Amino acid sequence: MRWRGLVLHGLLAIAGILCLFPFYWTLVMATNSTSDIYRFPPKFTFGSQFDDNVRAVLENVAFFQSMGNTLVVAVSTTALVLFFDSLAAFTFAKFRFPGRNVLFVILLATMLLPAQLGAVPQFQTMAAFGWVGSLKALIIPAAANAFGIFWLRQYFQNSIHDELVEAATLDGCGFLGVYRHVALPSARPALAFLGIFTFVASWNDYFWPLIVLTNPDHLTLQVALSSLNRSHGVDYSMVMTGALMAMVPLIIVFTIFARQFIKGATEGAIRG
Amino acid sequence: MTLTAAAPPKQAPRTANAGRRRSIWSYWRFYLALSPFYLIFLVFGLYPVASTILLAFQKWDGLGPRTMVGFQNFGFLIEDSTFWLALWNTIVLFFMSTMPTLAIAMALAVMLHSAVRLKGVYRIAYFIPNITSLVAAAIFFAAVFSTNFGLINAALRGLGLPTEDWLGEPWGIKIAISTMIVWQWTGYNTIIYLAGLQAIPTEQYEAAKMDGAGPLRTFFSITLPQLRPVVLFTVIMSTIGGLQTFTEPQVMVGNNGGTGQSGMTVVMYFYNQAFFNNDYGYAGAIALSIFVLVLLFTAINWKLLGGRGRS
Amino acid sequence: MELSRRTLLAGGFAAMLGGTVVGCSSSMDTGSTKKNAGGNIALWCWPGGLGKSVLDDTIAHFPDQHIKYSEIGGDFKQKLLTTFNGGTSIPDITGVKGEDIASLLPQATNRFVDLKTIGADSILGDYLEWKVKQATTLDGKVIGIPIDIGPTALFYREDIFTAGGLPGDPAKVAEQLKTWDDFLAAGLELRKANPKAPIVADAVDLYGTIISQGTSRYIDKDNKFVGDQDHIRKAWDIAVKAITTKVDGKTLGGSPDWNAGLDQGTVPTVTGAAWVALDIKAACKTSVGKWRVAPTPSGPANFGGSFLTITKSAADPAAALEVIKYMLSADNQAKAFADAQIFPSAPAAYDKPQLKAADPFFGGQVPIEVFGPAAKSIPIAYEAPLDGAVAVPFSDGLKLVQAGKKTSDAAWAEAVSKAKQIGKRQGVQ
């Protein structure tokens with residue numbers, strides 16, 4: 001048994017190291033200078049250039065302003081997604097109404113449409129709305145998604161007993177009341193997962209913001225950082241430092257909510 | 001878990017499904033609750049993709065007038081060897097990245113499920129690749145696979161094995177790209193599988209143990225069948241993502257896909273035709289083909305894994 | 001239930017159709033000349049495209065114009081095109097990259113102001129003629145004033161050349177490496193002394209340079225495909241010779257191997273535009289002072305170099321032109337060079353002190369002595385809008401030869417047929 005545990009943890013640890021190694025290397029590069037990146041044998045120890053690199057990033061991009069913008073986008077997108085998706089998922093999971101199955105099949109089918117393909121007309125739509133350059137162009141299109149509704153519907157179906165919904169209705173709760181008092185409290189772990197997923201995706205989104213954000217005061221972090229990646233004479237340590245600085249809030253958010261997610265998932269398992 | 005949409009709920013609450021026939025308007029709350037998604041999808045999803053596909057029947061350079069050309073773009077597409085190559089690359093890359101990702105993720109999830117300590121630490125470690133910036137990851141992997149100064153070749157040299165010109169060889173390029181995708185998505189799938197594993201009632205395992213089933217038999221006779229809906233979910237999500245691979249090859253081997261265009265995927269080809277050659281009509285035809293491809297693969301997955309998936 | 005489904009689908013279809021009509025009509029309106037509001041000038045460029053001090057100075061110099069500068073990251077051309085299509089927030093003045101200008105020329109009349117109609121004639125002569133020609137349509141409209149150019153030179157490691165029995169002094173290198181044949185012969189000699197230092201970094205890159213040294217490319221002025229002719233095949237054969245004589249390092253420019261090799265001597269030469277000096281300097285730590293610059297074998301070529309253009313949306317094109325004139329004067333170009341190695345497109349700038357400075361990175365050599373004459377003798381070649389797309393199969397073919405996957409002749413035949421097919425799609429004969 002002891003040996004089995006050791007082997008198990010050995011394998012898990014190797015996988016963990018492989019996952020963390022590029023992250024560690026980013027740290028190494030952010031504390032060294034660009035020419036150190038291309039040394040052979042490669043350098044694996046921390047250097048002393050971190051302050052210089054951070055200063056270079058702050059000189060070249062409006063880092064904190066962009067981070068503020070990204071925060072606005074990521075928080076509002078996540079809040080809207082959690083609200084709209086859970087409401088729709090709960091409706092799909094626990095109520096019957098005409099057209100329900102058709103609507104759900106349509107929902108599943110929407111996941112098959114590759115979004116990048118519509119970039120050009122989507123930009124024209126934004127221009128027609130007058131949203132080009134505004135953060136609205138990032139938040140509104142992302143405010144509800146099929147993936148989240150699908151994910152939460154599974155959860156609601158398994159974790160909420162129909163009797164509970166009935167009881168709440170008999171107690172005089174309206175539709176919104178049942179949603180608030182029955183659905184939301186029991187869905188916390190699933191919401192935590194969806195929240196993290198949405199927040200990360202929104203934070204790291206690059207393709208669409210790059211197209212639609214034109215106002216230099218309204219850039220998100222990833223777009224602002226992309227200007228560090230000039231076509232010539234790229235200072236890679238600075239790019240890596242910028243990438244690292246942009247990751248810090250994500251790691252914080254993830255660490256906080258991962259706990260919630262772990263706890264919730266276990267609770268859900270016991271109850272289910 | 002139920003994945004088939006057509007399956008009616010076993011016991012829908014009577015309150016919401018009263019016996020008498022109700023007017024459609026009495027359901028307004030439900031439609032209102034669903035409306036945000038469908039509205040957003042119509043305006044920002046369906047319309048843009050539909051008009052891209054409409055372009056498939058037109059000729060447009062992105063700025064000048066549009067002219068209808070019927071099926072001409074599809075004629076070009078059939079003759080275009082680069083398109084078929086891109087299609088082949090996409091499918092090969094999809095298998096090379098999705099299969100290891102899901103297999104490793106499943107193995108890790110099962111191990112993690114049986115490990116008692118440090119679960120939280122591992123979980124965070126495994127999720128880190130998913131939140132690492134793609135730019136940083138791309139620079140890292142390009143360095144790992146580089147010919148003279150790369151880590152992999154350094155290791156091969158250390159073991160006395162012949163080195164490889166990874167990013168200059170058609171297969172090397174595919175291996176490098178899929179490695180990066182596996183790295184980025186394994187942890188994410190591990191966590192999903194783990195959540196699925198934790199939902200399996202422990203009594204089932206105890207019963208199997210009483211029957212004297214070994215770990216392997218338990219895995220195949222209890223764990224896997226119970227996880228079927230979760231597996232289907234990850235397979236479908238990986239299919240949709242994998243067939244749309246774009247960023248990883250683009251940042252690793254450039255817009256043209258490297259030697260023998262071995263890293264050129266269909267979405268990259270779409271992107272090149274639209275934004276570099278300004279041949280939006282042709283790009284629209286490629287877009288349509290991507291849609292058909294995704295549809296086809298999803299249908300295959302559904303058939304293979306769906307079937308008995310209803311709980 | 002049936003009713004609701006049908007209503008929903010019909011409603012969706014109507015919305016979609018409505019959207020489509022709107023989308024079409026806005027983009028059909030190609031001659032969109034909706035003017036921006038007056039009193040402001042919106043200026044777009046990419047990161048590092050304009051010297052920072054020159055930009056600040058220009059904004060301060062025209063207080064009444066309220067110049068609003070936007071630095072556009074990512075794919076600049078894509079963003080410009082989508083903005084044109086969107087029809088709002090189109091800049092008054094925008095940068096256009098050298099590699100994009102050819103494909104935008106067909107749109108000259110719709111989207112850009114012909115600078116000759118607003119009095120640019122008097123200053124066009126201040127800029128290199130071949131460069132202005134790149135922004136000139138076949139019927140003589142000029143849509144851009146050149147910001148900078150990218151004349152090529154041979155950057156090489158003096159220490160590795162002398163250790164390998166080659167001359168080290170730039171004048172002597174120029175003397176001995178007159179043509180690509182000389183260059184490949186020198187490569188053989190160097191290989192004998194130092195097998196780890198192939199003289200050609202990447203044969204595919206070399207091929208691109210040779211093409212740019214010529215006076216005709218893949219498609220001629222009559223929109224005829226000429227990529228199967230001798231001038232292309234000669235360039236191809238030189239590149240293949242580099243591969244077969246094993247003086248090709250197969251090291252892609254900009255890759256980690258290339259960057260590391262520059263400093264460690266496994267990439268002893270770079271044939272590249274003036275701005276490549278920035279990349280070399282960024283990658284080198286131990287080899288500072290060991291690099292030199294010599295003229296490109298077989299004559300100079302040009303890579304990149306961009307333009308400032310005025311869009312049809314500009315509220316006051318004449319005022320915009322004044323801003324451009326000021327920003328791209330010889331004095332300001334010299335400043336931009338000192339700022340960010342933006343190589344001047346106005347020859348008068350080459351005599352300014354900023355360009356005459358000796359560079360310790362190049363062992364105290366004065367690089368302008370090589371780049372100046374090169375800039376003035378760049379060959380003029382017609383570049384068709386589709387040239388870039390048609391060139392791709394050729395470089396891909398060479399990559400396969402380089403990787404040993406195809407013979408030269410087989411790869412050539414395939415490249416020609418693929419290139420023809422791409423051309424055919426766009427109406428090239």
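This is a predicted model: local features need pLDDT of at least 70, side-chain atom pairs count only at pLDDT 80 or more; totals for chains, interfaces and linings use all residues.

Trainee: Ok, how is chain C divided?
Mentor: Into domain 1, made of 41-149 + 305-351, and domain 2, made of 152-303 + 380-425.

Trainee: And how far apart are the C-alpha centres of the two?
Mentor: The centres of domain 1 and domain 2 of chain C are 30 Å apart. The contact between them takes 12 residues from domain 1 and 12 residues from domain 2.

Trainee: Which element gives the most on the domain 1 side?
Mentor: Helix 4 of chain C, with 3 residues. Helix 4 (98-104) and helix 7 (129-134) are the elements that give two or more residues to that side.

Trainee: What classes of residue are on that side?
Mentor: The side of domain 1 that touches domain 2 has 7 nonpolar, 3 polar and 2 charged residues.

Trainee: Changing topic: strand 5 of chain C, residues 152-157. Why is it largely enclosed?
Mentor: Because 6 of the 6 residues of strand 5 are buried, the rest of the structure largely encloses it.

Trainee: Which residues are on which side?
Mentor: C:Thr152, C:Leu154 and C:Tyr156 are on one side, and C:Ala153, C:Phe155 and C:Arg157 are on the other. In a regular strand, side chains alternate between the two faces of the sheet.

Trainee: What does strand 5 pair with?
Mentor: Strand 6 (residues 269-273) of chain C runs antiparallel to strand 5, joined by 5 bridges. Strand 7 (residues 291-294) of chain C also pairs with strand 5 in the antiparallel sense, over 4 bridges.

Trainee: Which residue is the bridge partner of C:Tyr156 in strand 6?
Mentor: C:Thr269. In strand 7, C:Trp291 stands opposite C:Arg157.

Notes: Residues are numbered from 1 along each chain as its sequence is written. Chains are lettered from A and ligands numbered from 1 in the order in which they are written. Domain bounds come from an automatic or database domain assignment. Two residues are in contact if their C-beta atoms, placed from the backbone, lie within 7 Å. Ala, Val, Leu, Ile, Met, Phe, Trp, Tyr, Cys and Pro count as nonpolar, Asp, Glu, Lys and Arg as charged, and the others, Gly among them, as polar. A residue is buried if 20 or more other C-beta atoms lie within 10 Å of its own, exposed if 12 or fewer, and partly exposed in between; C-beta atoms are placed from the backbone. Two strands pair if DSSP finds at least two bridges between them.
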